[in-house]
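Welcome, and please open your viewer.

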Amino acid sequence: MKDKPTVLLVEDNPVSLKVIAAMLAKQGVQAATAVTGEEAVQFVKQTPCDLILMDIELPGMNGMETSREIREWESDPSSRPARGDAPHAPSTIVAMTAHEDEENRQACLNAGMNAVETKPLRPEKLKEILARMNLTAPLENNSVSSRIIGLMEKEKTSPALKKDLKSEVRHLMSFTLGKEKYALDMKYLKRVMWAKNITQVPGLPPHILGIINIRGEIISVVDMKMLLGLSHETAEKPSIMITSARGMETGLLVDSVDAIIDLPPLSIDPPMITFEKEYLDLIDGEARLDETLLIVLNYEKIMQSELMDIHKK
Amino acid sequence: MNRPEENGESPAQSFEFILFKVGDFLFGAPAEQILRIHNGDKITPEEPGHTPINMGKVFRVPEETAIARSCLLEVNTSIGARFFEVDRVEGLTSVNLSQVRELPPLIGAQMANGSFWGLALIGDRIACLVDFETLRMNKEQPL
């Protein structure tokens, strides 16, 4: 077994890249990655590789062209290491292709590749390739991947640990208020319904709209725009998000309910937008989603705020 | 709130309620509390000095939603008859115990002075159940 094998994974599909990298990590191999042929050639020129797993259908320079260029560089005397250093052995290039026909296989071999494997690459096949090349390494206990894999194994038997792993991502439901996007943790959301048949109750503050009757259960409805001090323009077809915490259900009136979003907590920054202090306390932070700013609210703080006055009684 | 099936009471146990409106809001009160209903444009309470309590004002009902505050409920309170001014009496209805609900916590917290003690589900409508005794004590005090 080699001490630290250098494996380069060339794949433009981000999902495939992630899956194969995880499969390699499970075999104790940390792979470098490239998403284009150009990147791959550049990497090989700087770091000779033991194994290159090469996708054939790459944008720009395809896998065969990339392999040819790598072979040309390896055979170029000027690419050899300085005098006295051991020469690099040529990389083993394994093609990953969706085309199983003989013509394609031959074309790959002619381009300088050593073997051709059909996509999707199966774990057992990858293990076989690594074993054949004597590249399989035991898991390093201190590597992140090993730790994650270890945790995943333990997760099967430990519900508490399962919870820890899941908590690394925040599951949010996004919704619209006016022109802005907001989100709440999914765990508080029970259902979403069209806003209709809201019964007004006299003597309530403006942000508490009234009550709705859902199959005999009476639920208070809070107007989120009024609660957050936003301009109050009624949407054409608003929705009510029925939420629940500590046995108390509350309907939140919003313009529309949009999508489930999973965000790592680290991607949620402290709020930069201007809010009055009383509202700022209700906000966990904000996250950028492409061109959209998502304001993440803290449901517990909202329900415990003076605006709700639940503890007044 | 205990449901009939939980406390052993008959599901058929029902109570008579007077339903009345103030603005867009529907209210209910036990019929046994109501001594008399006075309809008319100008009503003078029988006991001078007992100014009717304007329910629209108590509950901050917008004036523009008032139908015509032309109805007086004469209510039996712990200190005798008192008058409550409402827009319109809708009538008498039987309310089964299973139709009565507590105020949701969020609403109950806002009604900390106890003017409402519950809700009655009447068809697709919901009536706020009024406590006249508490209203009398908080006379003319906005909620």
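Start in chain B by selecting E3(B) and strand E5 (residues 71-77), which pair in the antiparallel sense over five bridges. Strands here are DSSP runs (E, at least two residues), as helices are (H or I, at least four residues), numbered from the N terminus; two strands pair if DSSP finds at least two bridges between them. Before moving on, note that this is a predicted model, where local features need pLDDT of at least 70 and side-chain atom pairs count only at pLDDT 80 or more, while totals for chains, interfaces and linings use all residues. Residues are numbered from 1 along each chain as its sequence is written, chains are lettered from A and ligands numbered from 1 in the order in which they are written, and side-chain values use heavy atoms, with hydrogens and water left out.

Now zoom in on Ile34(B), which stands opposite Val75(B) in E5(B).

**Next stop: another sheet in chain B**

Select the six strands of the open sheet E7-E1-E2-E10-E9-E8 in chain B, again with mixed pairing. Strand E7 (88-96) and strand E8 (100-101) of chain B are the edge strands. Inside this sheet, strand E9 (residues 116-122) and strand E10 (residues 125-130) of chain B run antiparallel over six bridges. Look there for Ala120(B), opposite Ala127(B) in E10(B).

**Then the interface**

Show both chains: 23 residues from chain A and 20 residues from chain B make the contact (heavy atoms within 4.5 Å). How much area is buried between chain A and chain B? It is about 2,000 Å², with carbon and sulfur atoms giving 71%; buried area is the accessible area (1.4 Å probe) that two parts lose on being put together, summed over both. On the side of chain A that touches chain B, strands E9 (208-214), E10 (217-223) and E12 (248-254) of chain A each supply at least two residues. E9(A) gives the most, with four residues.

**Last stop: two rings in chain A**

Over all chains there are nine aromatic pairs (rings of Phe, Tyr and Trp, its six-membered ring, with centres within 6.5 Å). Select Tyr188(A) and Tyr299(A), a stacked pair (planes under 30 degrees apart) at 4.5 Å centre to centre and 20 degrees between the planes. Tyr188(A) lies in the loop between strand E7 (180-185) and strand E8 (189-194) of chain A and Tyr299(A) in helix H10 (residues 299-304) of chain A, so the pair ties together parts 111 residues apart in sequence.

How values were computed: Phe/Tyr/Trp six-rings, centres within 6.5 Å; stacked < 30°, edge-to-face > 60°.
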